[in-house]
Amino acid sequence: MKTLVAILTSGQLEKLQRCIDSVLVQSAPSDIVIIINTVDERYENLAFLLAEKNGIKSVITDSNGKPGKGKNALISYFLSTDYTHVIPVDGDDYLYPNAISKLEELTISSGSDVLGLINGLCQLPDSLVTFPEMFASSYYLSKFRENVDPKNSRRFDLHTQRIREISVEYDNFFNRFVVISRNAAERMQYNEALNAAEDVKQGLFLKLLHQEGTIKYSLIDRQDIYLYDRTNNESVMYTSAPRADPKMEMKHFWCGITDDMINRLKAFKLECI
């Protein structure tokens, strides 16, 4: 197993350095890449210089301001290399000590193409909670709600509820991909029009590929791998996502997802190893 760590960043330079530091103690600079996906030219230049300062290769995307663009660039870069697996990390988050070796051991022992993390820890301004607890927190709800046009609230709620009906497993709404193999990456294409939930949609397609026997997708319930930082008020989750046109978000999310797929997704759970 030859592992690339790919850091995806769109803002928050000091948090990017923190993320880099968490990876560099576990991986050589030559086994790391930073994908810079931003419409902010100043940040683009600063992130490029920071990567250079740390001896890390960087790739600048032709960003449209949406997260899917950066994630597709990450997958594309990975497939252009000879690495067998990639560990994607958001630049405002970070890895816990020895996370890479733990993920490699889990991947090899399970034979998985994709590892999805559930119950990961999430940093809020005044507490450390699990990701499911974050979604239920007053902080998240208030930050999201304050940017939603009141006339769109009900539509957003219905859209989220419908997604939850087919994507919640083991009481977790979101499974973060912490390891992706070349076999899985070759079959991945994020929606570049979505402001949010592009990873949730991709996860549904990966689950169907698992059901078909094309890949093996396993879940891990761990709190010693990855730290989500949700104190960034400039993140897509709190800014462009709640301000997006819910009609267009629904159109882009549900495009390509049929009733048959929904029934299949509801029929089984992924294994939690």
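User: What does the side chain of Thr3 make a polar contact with?

Analyst: In this predicted model, the partner is the side chain of Glu104, at 2.7 Å.

User: Why is Thr3 called buried?

Analyst: Buried means under 20% relative accessible area. Thr3 comes in at 9%, so it counts as buried. You'll find Thr3 in strand E1, residues 3-9. Apart from residues up to four places away in sequence, Thr3 touches Asp31, Tyr83, His85, Ile87 and Glu104.

User: What makes Ile60 partly exposed?

Analyst: Partly exposed is what lies between buried, under 20%, and exposed, over 50%. Ile60 is at 38%, so that's the label it gets. Ile60 belongs to strand E3, residues 57-60. Together with Phe48 and Leu49, Ile60 makes a nonpolar surface patch of about 260 Å².

User: Which residues have the most contacts inside the largest nonpolar core?

Analyst: Those are Ile7, Val89, Leu103, Met134, Tyr226 and Phe253, in a core of 51 residues. Apart from that core lies another of 27 residues, with Ile35, Phe78, Tyr83 and Leu209 among them. In soluble globular proteins, nonpolar side chains tend to be buried together. Back to Val89: not counting residues up to four places away in sequence, Val89 touches Val5, Ala6, Ile7, Leu8, Cys19, Leu95, Arg176 and Tyr226.

User: What makes Lys15 and Asp229 a salt bridge?

Analyst: The cut-off is a side-chain nitrogen of Lys or Arg within 4 Å of a carboxyl oxygen of Asp or Glu. For Lys15 and Asp229 the closest N and O atoms are 3.3 Å apart, so the pair qualifies. Lys15 is in helix H1 (residues 13-24) and Asp229 in strand E11, so the bridge ties together parts 214 residues apart in sequence. Both residues are buried.

User: How do you know that Asp229 and Arg18 meet in a salt bridge?

Analyst: Their N to O distance is 2.8 Å, and the limit is 4 Å, so they pass. This pair also links distant parts of the chain, with Asp229 in strand E11 and Arg18 in helix H1, 211 residues apart. Asp229 is buried at 3%, whereas Arg18 is partly exposed at 29%.

User: Why do Lys102 and Asp224 tie together parts of the chain?

Analyst: First, their side chains meet in a salt bridge, 3.1 Å from N to O. Lys102 lies in helix H4 (residues 99-110) and Asp224 in the loop between strands E10 and E11, so the pair joins parts 122 residues apart in sequence. Lys102 is partly exposed at 24%, and Asp224 is partly exposed at 23%.

User: Which residues do salt bridges that share partners join into one network?

Analyst: Lys15, Arg18 and Asp229. A search of the whole structure finds 14 salt bridges.

Methods: Residues numbered from 1 in each chain as written. Predicted model: local features only at pLDDT ≥ 70, side-chain atom pairs only at ≥ 80, totals over all residues. Heavy atoms only, no water. Core = buried A, V, L, I, M, F, W, Y, C linked by side-chain atoms within 4.5 Å. Buried < 20%, exposed > 50% of the residue type's maximum accessible area, 1.4 Å probe, protein only. Contact = heavy atoms within 4.5 Å. Patch = residues over 30% accessible without salt bridge, like charges linked within 9 Å, V, L, I, M, F, W, Y side chains within 5 Å. Areas by Shrake-Rupley, 256 points an atom, 1.4 Å probe, with all protein chains shown as cover. Helix = DSSP H or I, 4+ residues; strand = E, 2+ residues; numbered from the N terminus. Polar contact = N/O pair within 3.5 Å; in protein donor to acceptor, adjacent residues only side chain to side chain.
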